[in-house]
Amino acid sequence: MTFRQAIALPKGNLVLAGVLLMLLGDFMFALNDAMGKWLVTSFSVGQVLFIRSVGAFIILGPMIAKQGVAPLTRVERPGLQVLRVVLATADTGFFYAAVAYLPLADVMTFYMAGPIYIAALSHFFLGEKVGWRRWIAIVLGFCGVVIALRPSTASLSWPSLFAIVGSLSFSVTLILSRKLRATNDTTLVTWQTVGALIVGGVLAVADWRAPSALDWSAMLLLGVVSCAAHLMITRALKLAPASLLAPLQYTLLLWAIVMGIAFFGDYPDAQGLIGSAIIVVAGLFIFHRQKVVDKAEPETVPTSVH
């Protein structure tokens, strides 16, 4: 559907199109995550990052050609742009490092706490007012994270910490995206892809394995799928209210459980499910309060690419 065609649709159809694009985009992100987990069992995180980033340019290339190179060099607040690229790269790298050892649903649980982190950090970094109801939801959400983390000396592991650091990087990346909202999506995604390409290339030098034709195709497809998912969600936010779309992100957790069972035989345990449920309820309440008090902004929906 082109944007011009979308404008011609009745408002109700626009909203429906936005919902369907959001659901499809979330499914694509979940597929990207499952593919990434499969690939990092055979290849280093750096190598996957590098080839995946090359694949993303299959979609980004025509978009850059259409807008021209100039917008890529004329960016607002270069310091924040660099910080955003660093954190977006850390988000992706730590995510793949975590899923190499943990069930997909466990890692996704930590990332689903993103809105909770954002609500807490926005108070300090963006000066946004957070009422007492949302602070209670934030505290409960952190309790859900602690339950899912299983913080004992026997179970607290480096992969779990990778997932926590990655999800925090992801959340701060979204906050920076709010500050850099005047920068168009193509420019933001291009630079974060370049960042992942450079870091992945450096890390891959020390641990490069010769991929087969199938492996090359899978890693390039990984980049195409993640970039397509990002664009779908971005377009969905232009067609339907963010307050309607934001709760749909939790379908990622459902898909992570389904794909984890289907492809890797990973069944979530009771403690993980309880932690996930608390995080989801807390996140949904935060979205609700944002709609009531702040009229929720689009950036509260994860649109970065893992």
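Me: Of the contacts in the protein with a separation of 6 or more, what percentage comes from residues 24 or more positions apart?
Reply: Contact here means heavy atoms within 4.5 Å. This is a predicted model, in which local features need a pLDDT of at least 70 and side-chain atom pairs count only at pLDDT 80 or more, while totals for chains, interfaces and linings use all residues. Residues are numbered from 1 along each chain as its sequence is written, and side-chain values use heavy atoms, with hydrogens and water left out. Among contacts with a separation of 6 or more, the share from residues 24 or more positions apart is 89%.

Me: How many helices and how many strands make up the secondary structure?
Reply: Helices (H or I, at least four residues) and strands (E, at least two) are taken as DSSP runs and numbered from the N terminus. From the N terminus on, the elements run α-α-α-α-α-α-α-α-α-α-α-α-α-α. The count is therefore, with these runs as the definition, 14 helices and zero strands.

Me: Which element has the highest mean pLDDT?
Reply: pLDDT is the predictor's confidence in each residue, from 0 to 100, and its mean over the protein is 82, with 86% of the residues reaching 70 or more. Over residues 296–303 the pLDDT is below 50, although this stretch has 29 contacts in the model beyond near neighbours in sequence. Among the elements, the lowest mean, 47, belongs to helix α1 (residues 3–8), and the highest, 93, to helix α3 (residues 45–67).

Me: Is Met219 buried or exposed?
Reply: Met219 lies in helix α11 and, leaving aside residues up to four places away in sequence, touches Leu39, Phe43, Gln47, Val48, Ile51, Arg52 and Pro211. The C-alpha atoms of Met219 and Arg52 are separated by 5.1 Å, although the two residues are 167 apart along the chain. With a relative accessible area of 0%, Met219 is therefore buried.

Me: How many residues of helix α6 are buried?
Reply: Helix α6 spans residues 104–112 and is mostly covered. Its buried residues are Leu104, Ala105, Asp106, Val107, Met108, Thr109, Phe110, Tyr111 and Met112.

Me: What is the angle between the planes of Phe94 and Phe162?
Reply: Rings of Phe, Tyr and Trp (its six-membered ring) pair if their centres lie within 6.5 Å, with planes under 30 degrees apart counted as stacked, over 60 as edge-to-face and the rest as tilted; the structure holds nine such pairs. In this one, the ring centres are 5.7 Å apart and the pair is tilted. The pair links distant parts of the chain, with Phe94 in helix α5 (residues 78–99) and Phe162 in helix α9 (residues 158–179), 68 residues apart. At 29% relative accessibility Phe94 is partly exposed, as is Phe162 at 23%, and the angle between the planes is 35°.

Me: Which ring lies under the charged end of Arg209?
Reply: A charge sits over a ring if NZ of Lys or CZ of Arg is within 6 Å of the ring centre and within 35 degrees of the ring normal. Lys37 lies over the face of Phe264, at 5.2 Å from the ring centre. For Arg209, the charged end is 5.5 Å from the centre of the ring it sits over, which belongs to Phe43.

Me: What distance does helix α13 reach from its first C-alpha to its last?
Reply: The expected span of a helix is 1.5 Å times one less than its number of residues. Helix α13 (residues 251–264) has 14 residues, for which 20 Å is expected. Its buried residues include Leu252, Leu253 and Ala256, and just after α13, Gly265 takes a positive phi of about 65°.

Methods
Buried means under 20% relative accessible area, exposed over 50%, partly exposed in between (1.4 Å probe, protein chains only).
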